[in-house]
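Here is the note on the model that you asked me to look over. Please read the points with the structure open beside you.

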Amino acid sequence: MLIQQFLWSNQMKTQFITVAISLALQSFSAIAVAREHFFVQPGTQFHQVDAKETDRSYELLVTLPASYHSSPDRHYPVIYLTDAQWDMALVSNILGKLNYDNHLHEMILVGISYPGKDAQYDQLRLLDMTPVELPGVSGSGAADAFLKVIENRFIPLIEKNYRVDKSLRAFGGVSLGGAFSLYAAFKKPQLFERYIAISPGVIVGDEHLFKVEAEHSKTHDSFPVRLFTTYGEDEYPAFRDPIIRFQKTLADRQYNELILRNHSVEEGRHGSVAIEGWMHGLLWVFQDQRTGKADPLKAMFEAQP
């Protein structure tokens, strides 16, 4: 697994260090076949989007609920996530388990990635998901432009071609994707209103997210989002401890309208934190989508003589 970490020095101390960070867990076109360059669930649909805002091409991966085609009048909640090349299959399976357990209603899953068998995922995400330019990384700091791509291109494409409940939208990511999720929440809270940040790289850009939050607090008493944040207790302390500080900052601020859950994953490291993180994150931000039905084992056991 390749993990890129950004360890930033204080202004008068050590030099900027870049260590590789990435979470390795595994025009319109749509084809229901798996691509060779990463694993996806059978039936995944693909959409290529060319975006002038960043001068880059993107690939959206879409998985539909089991009931989608048999329920033509039904509209579904939707979760958008970064780094689909690594997390799409994981989140799809977690959603399937939550559906089986009668925890959550079915929903549409939209993963964001880049096209091409040999796409340079680490480099591309480093450009799109950083809010400020990083020393030595030309083209980085494009988070605002990437957010415009999501708002102006991805969401309209999905809502035009799929039966999405526009009032039930969520966004999430892991590591650098988690940091971008937090950034998007502050910059465009109403765009999704539900955000998941798993092991977010809040240290990126000399802890720029702390500055974003501080600026928000100067002009806003409210932060109208439902937000889930988590980290792994066994993550590298230089990466983990700023997340803990950021969680505390959010909790202490006591924003109006913020529905916050700060969480930690026992024994979780930077890769494995995503497993429990996505489960609890989905349950938290979609709490209003709980089915209210009993565990399926209940009927099984009660049916026995």
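The numbered points below go from the whole chain to single elements and residues.

1. Overall make-up. This is a predicted model, and the comments here should be read with that in mind. The protein has 9 helices and 10 strands, and of its 305 residues 54% count as buried. Its accessible surface comes to about 14,100 Å², with 49% of that area belonging to carbon and sulfur atoms.

2. The nonpolar core. The largest nonpolar core holds 92 residues, and Trp278 and Leu282 are the ones with the most contacts inside it. Helix α3 (residues 143–161) supplies the largest share of this core, namely 9 residues. As background, nonpolar side chains in soluble globular proteins tend to be buried together.

3. The surroundings of Trp278. When neighbours within four places in sequence are left aside, Trp278 is in contact with a set of residues that includes Leu81, Leu90, Val91 and Ile94, as well as Gly172, Gly173 and Val174, and also Ile196 and Ile198. Asp87 is also among the contacts of Trp278.

4. Strand β4 and its two partners. Strand β4 (residues 56–63) is mostly covered, since 7 of its 8 residues are buried. Strand β3 (residues 45–51) pairs with β4 in the antiparallel sense over 7 bridges, and Ala51 has Arg56 of β4 as its bridge partner. The hairpin of β3 and β4 has 4 residues between the strands, and in it Asp55 takes a positive phi near 60°. Strand β6 (residues 108–113) also runs antiparallel to β4, to which it is joined by 5 bridges, and here Thr63 stands opposite Leu109 of β6.

5. In general, an α-helix has 3.6 residues a turn, so residues three or four places apart point the same way.

6. Ala184. Is Ala184 buried or exposed? This residue of helix α4 (residues 176–187) has a relative accessibility of 1%, and therefore counts as buried, the cut-off being under 20%. Not counting residues up to four places away in sequence, Ala184 touches Leu147, Pro189 and Tyr195. The C-alpha atoms of Ala184 and Pro131 are separated by 9.8 Å, although these residues are 53 residues apart along the chain.

Notes: Residues are numbered from 1 along each chain as its sequence is written. This is a predicted model: local features need pLDDT of at least 70, side-chain atom pairs count only at pLDDT 80 or more; totals for chains, interfaces and linings use all residues. Side-chain values use heavy atoms; hydrogens and water are left out. Helices (H or I, at least four residues) and strands (E, at least two) are DSSP runs, numbered from the N terminus. Buried means under 20% relative accessible area, exposed over 50%, partly exposed in between (1.4 Å probe, protein chains only). Contact means heavy atoms within 4.5 Å. A nonpolar core is a set of buried Ala, Val, Leu, Ile, Met, Phe, Trp, Tyr and Cys residues joined through side-chain atoms within 4.5 Å. Two strands pair if DSSP finds at least two bridges between them. Accessible areas come from the Shrake-Rupley method with a 1.4 Å probe; for residues, only the protein chains shown count as cover.
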